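Subject: Structure for your review

Dear colleague,

Please find below the sequence and structure that I am handing over to you.

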Amino acid sequence: MRNIAVMIAFFIVILAAGYLLTNIKTDNKKTNAIVLTTMLLAFGIAALIWVLNVPNEQLSDFGNFWSRAPGFFNGDKLYNTDNDYFSKYAYQSGFMAYILAIVKIFGFNIFAVQFLNVVYQVLTLLVTYLLANKIFNNIKIARLSVLLLMVDLDWFALNSQADNQYLGSLLYLITFYLLFNDKLWNYILAGITLAAGCLIRPIGPVMIAGIIVFALVYVLMKHRDYKTSLKFLITLAVYFVLFSLAGVGIKASGINSYGLSNHDPEWKFLTGLNYQSGGTYSNDLNKFIDTNKSRAEMSKVEKVQLKKQINYLNDNKAWFKLFINKTQTLWSTRTLATDFTNYATNHSPRTVKIINYLAYMGSVVLIVFSWIGSLAMFKNKFDDKFYLLLLPLMAFAVANLIIEVQGRYRIEFLPIISIMAGLGIYKVILSISSIHDKGKVSKKL
């Protein structure tokens, strides 16, 4: 009952804040700038307070990036065998190069990474605002999109870690924003930011898939705009050239002789199709990891196990149930972002429980209003280019049906969801205002 009361209170507070934002005039550029700047400053301060109140310890993969930086500058290699983390997942070398650059410039001080993460988050809110306004031509919806994203602690909690999702997400959003503007130089710049985004956060294939489908379906088939479709080809060409050159550069620099390749493609499927773990990483799967064996040997072991898992899914007709479980994990459970900060070590269990619940409430509010927004989109006019954001989101959702999932993997797509949610909460506020106005009229009568 207490949790339900907190949930209701959370929704009321968000609706009240949204109501205030929608009642601030939007016909004055200066007023709009002041409102947006105030929101961004408030978030920036809150995010920095969060960073300063959680441990600096870097956990899991984040620790893998951060802890290896000093050794690299002292002549240590990132890997010793072809079955180490950075030899198997060489595609992570782009973000490792970023971490090395931060250490080179600012020294081995994690606050530099944390502060930059907050900067990227603030810029992400700004680009979300700009995209929402372009899509719906409505500053009120843009403000609400920012509001819903900035209160989602599940979204911003990982800023204390050496996490590649914030910079990657920002670069992908900038790519979409550039593609919204039909100018040749924008398409060229979009290719640059797309390549940079894929270097930092290697989920480029789903972004590229979304862009290609958009160009084919909405640009060529619907509008028969051959000129614009060629511009999209320029973006992709710039991306492929730059990404290929980056791979060569990673090899030449000595960071990773494997470049930006993936030498363990089986692992993501091995975890993703494991019914017992619900398609998530589990310690039980560690028994298949033997760092003393070569990659060739381990690849055979993983393929055998993967075949067993597929047979299990076939024999038990468990594919659909696995897909449902994975979809829930990815989109409706906690991201566990607050857990990754390890703040339970310097806060009481009661505080940890409250923070975890409030973080989850941010996700619940965002997802619920995005449902409402997605339904409202059937009636509302919006720029067709919104599909440029939605298609990569859909491609990402489909890809995660067969590969490993974690709640935190949705972080880079939450800005897109917040735009839909911005429309959703706007419709709810309009409905409440309409009911309130009718009540006033009936009283007068």
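Predicted model: local features only at pLDDT ≥ 70, side-chain atom pairs only at ≥ 80, totals over all residues.

Helix pairs

Two packed helices are described by the angle between their axes and the distance between the axes.

The crossing in which H9 passes H10 is left-handed. On the side of H9, the residues in contact include Leu 167, Gly 168, Leu 171 and Tyr 172. On the side of H10, Asn 186, Tyr 187, Leu 189 and Ala 190 are among them. By class, this contact of H9 with H10 holds 13 nonpolar and five polar residues, with no charged ones.

The next pair is H1 (residues 2–22) and H7 (residues 139–150). Here the axes come within 9 Å, and they cross at roughly 150°. That angle makes H1 roughly antiparallel to H7, and the crossing is right-handed. From H1, the residues Ile 14, Ala 17, Gly 18, Leu 21 and Thr 22 meet Lys 140, Arg 143, Leu 144, Leu 147 and Leu 148 of H7. Six residues of the contact of H1 with H7 are nonpolar, two are polar and two are charged.

The last pair is H5 (residues 93–106) and H6 (residues 110–136), whose axes come within 10 Å and cross at roughly 115°. This crossing of H5 and H6 is right-handed. Tyr 98, Ile 99, Ile 102 and Phe 106 of H5 meet Ala 112, Val 113, Leu 116 and Tyr 120 of H6. The contact of H5 with H6 has eight nonpolar residues, no polar and no charged ones.

Empty spaces

Rolling a probe the size of a water molecule over the atoms shows where empty space is left.

How many cavities of 30 Å³ or more are there? The count comes to one. The largest cavity has a volume of about 40 Å³. Its lining consists of Ser 169, Tyr 172, Leu 173, Phe 176, Met 207, Glu 412, Phe 413 and Ile 416. Helix H9 (residues 165–179) gives the largest share of that lining, four residues. By class, the lining of the largest cavity has six nonpolar residues, one polar and one charged.

The second largest pocket has a volume of about 400 Å³. It is lined by 15 residues, and Ser 370, Trp 371, Ser 374, Leu 393 and Met 420 lie nearest its centre. Helices H17 (349–376), H18 (387–399) and H19 (414–444) each give two or more residues to this lining. The largest share, five residues, comes from H18. In the lining of the second largest pocket, 13 residues are nonpolar, two are polar and none is charged.

Backbone angles

Most residues other than glycine have a negative phi. Ser 60, which is not a glycine, has a positive phi of about 55°, and its place is in helix H3 (residues 60–73). Lys 317 also has a positive phi, near 50°. Lys 317 lies in the loop between helix H14 (295–315) and helix H15 (319–331).

Yours sincerely,
A colleague

Terms used: Residues numbered from 1 in each chain as written. Heavy atoms only, no water. 1 Å grid on protein atoms, 1.4 Å probe; cavity = no way out; pocket = protein on both sides within 12 Å on 5 of 7 lines; lining within 4 Å. Points joined across faces, edges and corners; volume = space filled by probe spheres on them. Nonpolar A, V, L, I, M, F, W, Y, C, P; charged D, E, K, R; others polar. Left-handed = near helix turned anticlockwise from the far one by under 90°. Contact = heavy atoms within 4.5 Å. Axes fitted to C-alpha atoms, helices over the stretch in contact; angles between N-to-C directions. Parallel < 35°, antiparallel > 145°, perpendicular 65-115°, else oblique.
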